[in-house]
Amino acid sequence: MNFPTNQVYPVIWHEDHVLLIDQNRLPNEYTLVEISCCADMAEAIKTMIVRGAPAIGVAAAYGMYLGAREIPTDNREEFLSQLELVAEQLRKTRPTAVNLFWAIARMLKAAKQTLGSVEYLREVLLKTALEINADDLQTCKAIGDRGLEVLPSQPEKLHLLTHCNAGALATAGYGTALGVVRSAWTAGRLARLYADETRPRLQGARLTSWECVQEGIPVTLITDNMAAHCMQRGLIDAVVVGADRIAANGDTANKIGTYSLALVAQAHNVPFFVAAPLSTIDFAIADGSQIPIEERHPSEVYQIGETIICPPGVEFYNPAFDVTPAALIAAIITEHGAVAPAELQKFQPKQVI
Ligand code: MRU
């Protein structure tokens with residue numbers, strides 16, 4: 001095993017293709033997958049080689065460029081109409097993380113607003129994807145710093161708990177929830193991170209704890225059903241999680257198990273924070289009941305590794321996300337500051353008529 005010790009970047013533009021860290025193979029193998037066409041990018045998103053809402057957005061932006069490169073025409077109208085098909089292919093990969101749809105919309109807008117040859121449109125698409133990538137990195141750093149402003153002031157060194165992986169691997173780098181953890185660590189305000197293992201795909205065990213170990217951040221791995229006990233024992237000062245889509249009223253979709261964690265946190269007076277970029281807020285939907293929830297293959301529930309863990313004849317339900325009601329969230333930490341869910345409206349972009 002040859003792990004890098006420096007920063008983790010899950011999506012990298014390299015020469016004329018994309019390199020993805022294969023997140024399905026971590027922590028046992030650090031492998032880069034080369035992606036040179038749109039179909040492969042769509043498959044990588046679907047199969048979760050790349051995952052985490054902002055990282056999916058960055059990957060989809062590059063997917064749009066790779067798709068644009070494959071369109072065999074020099075006619076602008078024909079190009080734009082085929083680019084819609086590329087967008088549709090990418091939109092079908094995963095339904096919950098709104099960053100996917102946001103990044104695709106931004107790429108389509110860039111193409112439509114650009115005058116000039118098809119070759120020039122392609123150049124603009126690559127430039128836009130690179131911008132989305134670079135912006136996300138800056139955004140995550142800002143989220144980390146803004147998060148520091150709202151963490152409890154006591155005790156001086158905090159014990160934080162997170163769920164799933166909202167770290168460098170889930171973004172362009174640095175992370176949202178784990179960005180707050182990183183900033184707390186750098187500022188000397190973190191005693192320890194507790195990481196939920198996050199059944200069924202174990203992003204907490206496999207990815208969050210891997211990221212922490214890379215950087216020497218003290219991390220304690222617990223199974224999902226241990227969080228209430230830890231809070232009852234006073235081991236947790238605050239919870240920080242990421243988000244896949246936040247409705248206009250602050251209801252937040254995130255990895256399955258986030259909602260129960262928020263309920264447990266409320267029962268123990270532990271503040272529960274959501275850290276996410278503004279691109280994760282979907283102002284088009286009023287509340288969480290309208291957020292589409294992805295259902296994944298039942299094998300994620302009935303199987304761990306090669307082992308089947310239940311008898312034949314059982315039925316399965318495998319929602320990948322749940323919705324935490326805004327009332328359970330102390331603050332939503334964005335790159336422009338932390339707000340109570342009720343104040344989210346102040347970030348709504350002005351309508352241009
Ligand atoms: O199914 P995944 O692994 O893509 O789910 C990821 C999460 O739920 C993250 O918490 C969320 O995308 C925020 S990532 C900064």
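The questions and answers below concern helix packing, selected residues and backbone geometry in a predicted model.

Me: What kind of model is this, and which pLDDT do local features need?
Reply: Residues are numbered from 1 along each chain as its sequence is written, and side-chain values use heavy atoms, with hydrogens and water left out. The model is predicted; totals for chains, interfaces and linings use all residues, side-chain atom pairs count only at pLDDT 80 or more, and local features need pLDDT of at least 70.

Me: How far apart are the end C-alpha atoms of helix 2?
Reply: Helices are DSSP runs of H or I with at least four residues, strands are runs of E with at least two, and both are numbered from the N terminus. The expected span of a helix is 1.5 Å times one less than its number of residues. Helix 2 has 18 residues (53–70), so it should span 26 Å, and this agrees with the separation of its end C-alpha atoms, 26 Å.

Me: How many of the 18 residues of helix 2 are buried?
Reply: Buried means under 20% relative accessible area, exposed means over 50%, and partly exposed is in between, with a 1.4 Å probe and protein chains only. Helix 2 is mostly covered, and the number of its residues that are buried is 16.

Me: Which word describes helix 2 relative to helix 3, roughly parallel or oblique?
Reply: Axes are lines fitted to C-alpha atoms, for helices over the stretch in contact, and angles between N-to-C directions run from 0 to 180 degrees. Helix 2 and helix 3 (residues 76–91) have axes 9 Å apart and an angle of about 140 degrees. Angles under 35 degrees count as roughly parallel, over 145 as roughly antiparallel, 65 to 115 as roughly perpendicular and the rest as oblique. Helix 2 is therefore, relative to helix 3, oblique.

Me: How many residues in the contact of helix 2 with helix 3 are nonpolar?
Reply: Contact means heavy atoms within 4.5 Å; helix 2 contributes Ala60, Gly63, Met64, Gly67 and Ala68, and helix 3 contributes Phe79, Leu83, Val86, Ala87 and Leu90. Ala, Val, Leu, Ile, Met, Phe, Trp, Tyr, Cys and Pro count as nonpolar, Asp, Glu, Lys and Arg as charged, and the others, Gly among them, as polar. In this contact no residues are charged, two are polar, and the number that are nonpolar is eight.

Me: Is Phe79 buried or exposed?
Reply: Phe79 is in helix 3. Beyond its neighbours within four places in sequence, Phe79 is in contact with Ala68, Ile71, Thr73, Val118, Leu121, Arg122 and Leu125. At a relative accessible area of 0%, Phe79 is buried.

Me: What is the handedness of the crossing of helix 6 and helix 7?
Reply: Helix 6 (residues 177–186) and helix 7 (residues 203–215) pack at about 25 degrees, with axes 12 Å apart, and are therefore roughly parallel to each other. A crossing is left-handed if the near helix is turned anticlockwise from the far one by less than a right angle, and right-handed if clockwise. The crossing of helix 6 and helix 7 is right-handed.

Me: How many charged residues does the contact of helix 6 with helix 7 have?
Reply: Leu178, Arg182 and Trp185 of helix 6 meet Thr208, Glu211 and Glu215 of helix 7. By class, the contact of helix 6 with helix 7 has two nonpolar residues and one polar, and the number of charged residues is three.

Me: What is the relative accessibility of Thr162?
Reply: Thr162 lies in strand 4 (residues 158–162). Thr162 counts as buried because its relative accessibility is 2%.

Me: Which residue does a cis peptide bond join to Arg199?
Reply: The residue in question lies in the loop between strand 5 (190–196) and helix 7. The bond from Arg199 has omega near 5 degrees, and the residue at its other end is Pro200.

Me: What is the phi of Thr198?
Reply: Thr198 is in the loop between strand 5 and helix 7. Thr198 counts as buried, at 0% relative accessibility. Although Thr198 is not a glycine, its phi is positive, at about 75 degrees.
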